[in-house]
Structures are given as structure tokens and as C-alpha cells.
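Here is a short briefing on a pocket and the ligand in it. Please keep the sequence and the 3D view open while reading.

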Amino acid sequence: VTAAHVTRPPAHPAPLPWLEVALESVVGDRLGAGVYRRWVEALSLAGDERVLEIGAGAGACARHLAAAVPRGRLTCVEIDPRWLAIARRRLTACGDRVEFVEADACDWSRPGGFDVAILHFVLHDVPAVRRPMLLRGIARSLCPGGRLCVREPVGHGMSAEAMRAELGDAGFHPTGDEVRATVPLMGRTLSGAWHVPR
Ligand SMILES: C[S@@+](CC[C@H](N)C(=O)[O-])C[C@H]1O[C@@H](n2cnc3c(N)ncnc32)[C@H](O)[C@@H]1O
């Protein structure tokens, strides 16, 4: 096993650095809340979808996703129990409409279980050798015709071409055009939607 394969934190990880937690709280939960909300609004969810968010972190995007599907369900998969614990606290009010799964998403899928999947600032965090497993797992987890919505930072080690190629290899087809935008607090980003065949 090489370092590139090790994505799971130790069984009893040290507490998250306070500065990271404070920064996430400011960007994810306070100042940046509008940035996440606007991206989620632009997904034009109908409100009854079964949504899968991979790499939900502390729930910055998840809380807007949960609000966007009042008649649906949200499943948050996150590898790091420390972030997942914060997400759980943040979304307590949503009750059992939101499910939290601690797992390495590269080894996790729920065949046909979701209408929409979300990857928000996650793909570049996953070692390149593991990304095909992650994307194939997401494709399996979507129902026929299901949609994957992605937003990634630009310039974090994965080019747009590589992202497109990896999504194509996993069986995804582009839905519309990709959007490049400079987003407050996030910098240059690339977002787009892909779907699996019907
Ligand atoms: C940059 S953060 C983004 C968090 C959240 N999506 C957001 O936009 O605020 C990336 C998250 O993906 C999680 N992650 C990375 N690799 C993962 C994997 N293999 N399975 C599940 N989660 C993963 C990290 O632990 C981290 O919480």
C-alpha cells in the first residue's frame, strides 16, 4: 500500500486544528453561506429528489441541499468522522430526512439509490488512482438518467480535461456546458453536470 492509497484517517484521530474549524465555520456557515446557497439554487432541484452528497465535510453545502429537497432525502457520505460530527450538529433540525454515512466513498455505493449526486470541492482531494473507483461508485448509485453535479477549484492539480476524461470513463455524459466562474471566498471554479444513461 502506497501513501497515495491511504485516504482514511486513523481510528482515533486527533481533534481537528481549531484554525481549520474556525475557518470552515466562517466560510461554510457564515460569510460563505450565500455562495453555497446560490450554487445549490442553480441546480434547480424539484424538491423530491433523493440526493447523495459525497465528501460533505462539515455540511456547508448539505444544509442548502437539505432545504432544497423538502420532500426528498439527503445522504451525506464523509470519510472523516470529525467533519461528519459537525455536519450532524448543523443539520440536526432536518431530522431523518438527512442521513450521515461515515465511509470512504471510493469503496461505497448504493445501487440505483439516488436521483442526484453532488461533488463539491471533493474530486481534487481524492488521490488520482482512487478517482475511477469513486466515480464508478457514484454512477452505480444513480438511477437511470440520474445527474451528477460537480464544482471544483481550478488550479488544484486536476485539469478540466482530466476531469472530463475521468467522468467519461466512468460512464457519465455531459449535460449542458461547463461554467467557469470566480466565486467569492472560493476563487476560480469549474462546475458542470453529467448524467448516466437512461
Ligand atoms: C474540501 S472539503 C469539501 C467539503 C464540502 N463538500 C464543502 O464544499 O464544503 C473535501 C471533503 O471531502 C472529504 N473526502 C475526501 N476524500 C473522501 C473520500 N474518499 N470519501 C469520502 N469523503 C472524502 C474530505 O474529508 C473533506 O471533508
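**Pocket and ligand briefing**

Helix 1 contributes 5 residues to the lining of the largest pocket, the most of any element. The model is a predicted one. The ligand sits in this largest pocket.

**The pocket**

- The largest pocket holds about 1,000 Å³ of space.
- Its lining consists of 36 residues.
- Nearest the centre of the largest pocket are Gly55, Gly57, Trp83, Phe121 and Asp125.
- Helix 1 spans 18-30, strand 1 spans 50-54 and strand 2 spans 73-78. Each of these three supplies at least two residues of the lining.
- By class, the lining of the largest pocket has 22 nonpolar, 7 polar and 7 charged residues.

**The shell around the ligand**

- Around the ligand there are 19 residues.
- Tyr36, Gly55, Glu78, Asp104 and His120 come nearest to the ligand.
- The shell splits into 11 nonpolar, 3 polar and 5 charged residues.

**Polar contacts and burial**

- Tyr36 uses its side chain: an N or O atom there is 2.9 Å from an oxygen atom of the ligand.
- Glu53 also uses its side chain, with a polar atom 3.5 Å from a nitrogen atom of the ligand.
- Gly55 uses its backbone, where a polar atom is 2.8 Å from a nitrogen atom of the ligand.
- The ligand taken alone exposes 590 Å², and the protein buries 84% of that.

Technical notes. Residues numbered from 1 in each chain as written. Predicted model: local features only at pLDDT ≥ 70, side-chain atom pairs only at ≥ 80, totals over all residues. Heavy atoms only, no water. 1 Å grid on protein atoms, 1.4 Å probe; cavity = no way out; pocket = protein on both sides within 12 Å on 5 of 7 lines; lining within 4 Å. Points joined across faces, edges and corners; volume = space filled by probe spheres on them. Helix = DSSP H or I, 4+ residues; strand = E, 2+ residues; numbered from the N terminus. Nonpolar A, V, L, I, M, F, W, Y, C, P; charged D, E, K, R; others polar. Near = heavy atom within 4 Å. Polar contact = N/O pair within 3.5 Å; in protein donor to acceptor, adjacent residues only side chain to side chain. Areas by Shrake-Rupley, 256 points an atom, 1.4 Å probe, with all protein chains shown as cover. Sits in = over half its atoms within 2 Å of the grid points.
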